[in-house]
Amino acid sequence: MLQQPEGRKLFQSLDISERLKFLLTLDCIDDTIIVLAEEHGCLDIIKELPENVIDLLKKCLTFHPSKRPTPDELMQDNVFSEVSPLYTPFTKPTSLFSSSLRCADLTLPEDISQLCKDISSDYLAERSIEEVYYLWCLAGGDLEKELVNKEIIRSKPPICTLPNFLFEDGESFGQGRDRSSLLDDTTVTLSLCQLRNRLKDVDGEAFYPLLEDDQSNLPHSNSNNELSAAATLPLIIRERDTEYQLNRIILFDRLLKAYPYKKNQIWKEARVDIPPLMRGFTWAALLGVEGAIHAKYDAIDKDTPIPTDRQIEVDIPRCHQYDELLSSPEGHAKFRRVLKAWVVSHPDLVYWQALAYACMSAFIPKYLYNFFLKDNSHVIQDTSSFRVQDVA
């Protein structure tokens, strides 16, 4: 979202085509700030800004992306020298598969015994946005309802979406584009009151479980009785229990950060249950995935057509209809790339219906050895014989 220093949006009166034409002309202009200020009638305001702020704006408005400073570089500007010490610098979390020291940036209080004693501490704010959002949904949060209340999503009768006039080549006239297909930069703040109320009985110790080998399957909490009772319930109920999932997510997060040193304990806890939010990384740890997985995946050619493409295109829409994300167009596209990456990187194997990349590469050799060979008749025969002996 482009905004001027006084908070007004840039190009608010121009449509998208006029905006693009204007932006393309900025490549031939020496002083972009002056041109934009004149265009929006705020030249006097711009001239009153400090010189260091003008310099920062010029850096931000560098036309060529390759020459434009990164956010990290911009944060080193002297404009932020007075306020930057007040904020903890962001450090990118170390990957589960990285050999880098994960505790390099760890900071602990002087008195470690007081870590969980501060009643006023907002422990929930220390968790990642993914964890908080997942728990918010479990506590009854409904994003679609929030967007409807803020009129970001507006229902439209299907009859009103039909074009008034349609050419043979598919071009239609008479209906504006649906707002859901357009960019909307509105920010909606989600209230955490319901989630905080649901977790009001969880004390600070639950956010810092001890990873001792002799600890029980359940992390510490002042409501251990309730957690113990929840642990005996069916899995589908446990996965919908907000407090239980909070404790399990925190525990698995700590265990995964200690991987591979806590691999045995990860196995132990996984036998109880795996929090859905942590399922991907947990399976990666259980299968012994390691190395620069992302770089390896990115290096695989997933675009060149191969004979298996047609079968994958047919299979994916029919699978995983129970999952909202996997059944979406975006989910289909990403799943298609994962399957293709596996097929391309294993030329000695063939694709079968109902097969993520690193986990598949580790899971199949371990549990389905030789099952996906082009000629796997001997494997199937061995499996059938084994099952017959089991039944006998």
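1. Helix axes are lines fitted to C-alpha atoms, for helices over the stretch in contact, and angles run from 0 to 180 degrees between N-to-C directions. Helices are DSSP runs (H or I, at least four residues), numbered from the N terminus. This is a predicted model: local features need pLDDT of at least 70, side-chain atom pairs count only at pLDDT 80 or more, and totals for chains, interfaces and linings use all residues. Residues are numbered from 1 along each chain as its sequence is written, and side-chain values use heavy atoms, with hydrogens and water left out.

2. Look at α6 (residues 129-138) and α11 (residues 242-257). Their axes come within 10 Å and cross at roughly 160 degrees. That makes α6 roughly antiparallel to α11 (angles over 145 degrees).

3. Which residues of α6 and α11 make the contact (heavy atoms within 4.5 Å)? From α6 come E131, Y134, L135 and L138; from α11 come T242, Q245, L246, I249 and D253.

4. Now the rings. The structure holds 3 aromatic pairs (ring centres of Phe, Tyr or Trp, with its six-membered ring, within 6.5 Å; planes under 30 degrees apart are stacked, over 60 edge-to-face, the rest tilted). Y123 and Y208 have ring centres 6.2 Å apart and planes at 80 degrees, so they are edge-to-face. The pair ties together parts 85 residues apart in sequence. Y123 is buried at 8% relative accessible area (buried is under 20%, exposed over 50%, partly exposed in between, with a 1.4 Å probe and protein chains only). Y208, at 26%, is partly exposed.

5. Y133 and W136 are stacked, 5.8 Å centre to centre with 25 degrees between planes. Both lie in α6, 3 residues apart. W136 is buried at 6%; Y133 is partly exposed at 35%.

How values were computed:
Helix = DSSP H or I, 4+ residues; strand = E, 2+ residues; numbered from the N terminus. Parallel < 35°, antiparallel > 145°, perpendicular 65-115°, else oblique. Contact = heavy atoms within 4.5 Å.
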